[in-house]
Amino acid sequence: MMKHVFLTGVPGVGKTTLVKKVCDAVVSAGVSISGFYTEEVRERGRRVGFDVVTLTGDRGRLSRLSAQSAAGGRECRVGQYVVDLQSFESLALPLFRDMREGSKRLFVIDEIGKMELFSQAFIRAVRQTLDASSCSILGTIPVPKGKPLALVEEVRSRQDIKIFMITKENRDLIFDDIVSAVQECLK
């Protein structure tokens, strides 16, 4: 039985935009949701990093260009970005704890990617949520590129997950299919 829905596709194809639209659709149908998405941070038209934004609007730093990173400690890097693990965990991890109990809910994880996977606590929380009976996940995962990411491959291989490949050609047409899949998971 399908329990979770994940979107995948190349960076910039519109996965986060679709996640936000699906959230709007299910909230208007009375579904309780929580979770987070990632958003580019731009200064003067140039991407300088990424923030984590909760569905209630709280915002925290996920990463910044290395010149703007906080000093001290071991740096977790993805390309030119330094991940702010403390900021990410302090915002994202409580969301997992808050949502495990209660009625059937939708939990949004945008995304399970290289930056987020520096956090062992995040990996454990995702695994527990995948196995929890009280919630379904709407999430995003990157397309396979380079060295496989263990948790992403775990998600891909699960039998209870429907994965939608998002492309520039289908992103405006696939919305209804994603909403239907999410609604099916929540039954």
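Contact here means heavy atoms within 4.5 Å. The structure is a predicted model.

In this model, the buried residues of helix α5 (residues 175-185) are covered by several elements. These include β1 (4-9), α1 (15-28), β7 (105-110), β8 (135-142) and β9 (161-165). The buried positions of α5 are Ile178, Val179, Ala181, Val182 and Cys185. Seen down the axis of α5, they fall within an arc of 160 degrees, so they line one face of the helix. An α-helix has 3.6 residues a turn, so residues three or four places apart point the same way.

Nonpolar side chains tend to be buried together in soluble globular proteins. The largest nonpolar core of the model holds 33 residues. Phe6, Phe36, Phe96, Ile109, Ile112, Phe122 and Val126 have the most contacts inside this core. Helix α2 (residues 85-99) supplies the largest share of the core, six residues. Another core lies apart from it and has 21 residues, among them Val13, Ile33, Ile178 and Ala181. Ile178 and Ala181 are also among the buried residues of α5.

Val126 was then examined beyond its neighbours within four places in sequence. With those set aside, Val126 is in contact with Phe96, Ile109, Ile112 and Leu151. Val126 and Leu151 also take part in the packing of two helices, α3 and α4.

Two packed helices are described by the angle between their axes and the distance between the axes. The axes of α3 (residues 120-131) and α4 (residues 150-157) come within 11 Å. They cross at roughly 10 degrees. Angles under 35 degrees count as roughly parallel, and α3 and α4 are therefore roughly parallel to each other. On the α3 side, the residues that meet α4 are Ile123, Val126, Arg127 and Leu130. Leu151, Glu154 and Val155 meet them from α4. By class, this contact has five nonpolar, two charged and no polar residues.

Thr38 is placed in strand β2 (residues 33-43). Its relative accessibility is 14%, and Thr38 therefore counts as buried, the cut-off being under 20%. Leaving out residues up to four places away in sequence, Thr38 touches Thr16, Asp51, Leu62, Asp110, Glu111 and Glu116.

Leu62 belongs to strand β4 (residues 59-65). At 1% relative accessibility, Leu62 also counts as buried. Besides Thr38, Leu62 is in contact with Phe50, Asp51, Val52, Val82, Val83, Asp84, Phe88, Met115 and Glu116, neighbours within four places in sequence being left aside. Leu62 and Phe175 are 113 residues apart along the chain, and their C-alpha atoms are separated by 27 Å.

Terms used. Residues numbered from 1 in each chain as written. Predicted model: local features only at pLDDT ≥ 70, side-chain atom pairs only at ≥ 80, totals over all residues. Heavy atoms only, no water. Core = buried A, V, L, I, M, F, W, Y, C linked by side-chain atoms within 4.5 Å. Buried < 20%, exposed > 50% of the residue type's maximum accessible area, 1.4 Å probe, protein only. Helix = DSSP H or I, 4+ residues; strand = E, 2+ residues; numbered from the N terminus. Arc of directions from axis to C-beta. Axes fitted to C-alpha atoms, helices over the stretch in contact; angles between N-to-C directions. Parallel < 35°, antiparallel > 145°, perpendicular 65-115°, else oblique. Nonpolar A, V, L, I, M, F, W, Y, C, P; charged D, E, K, R; others polar.
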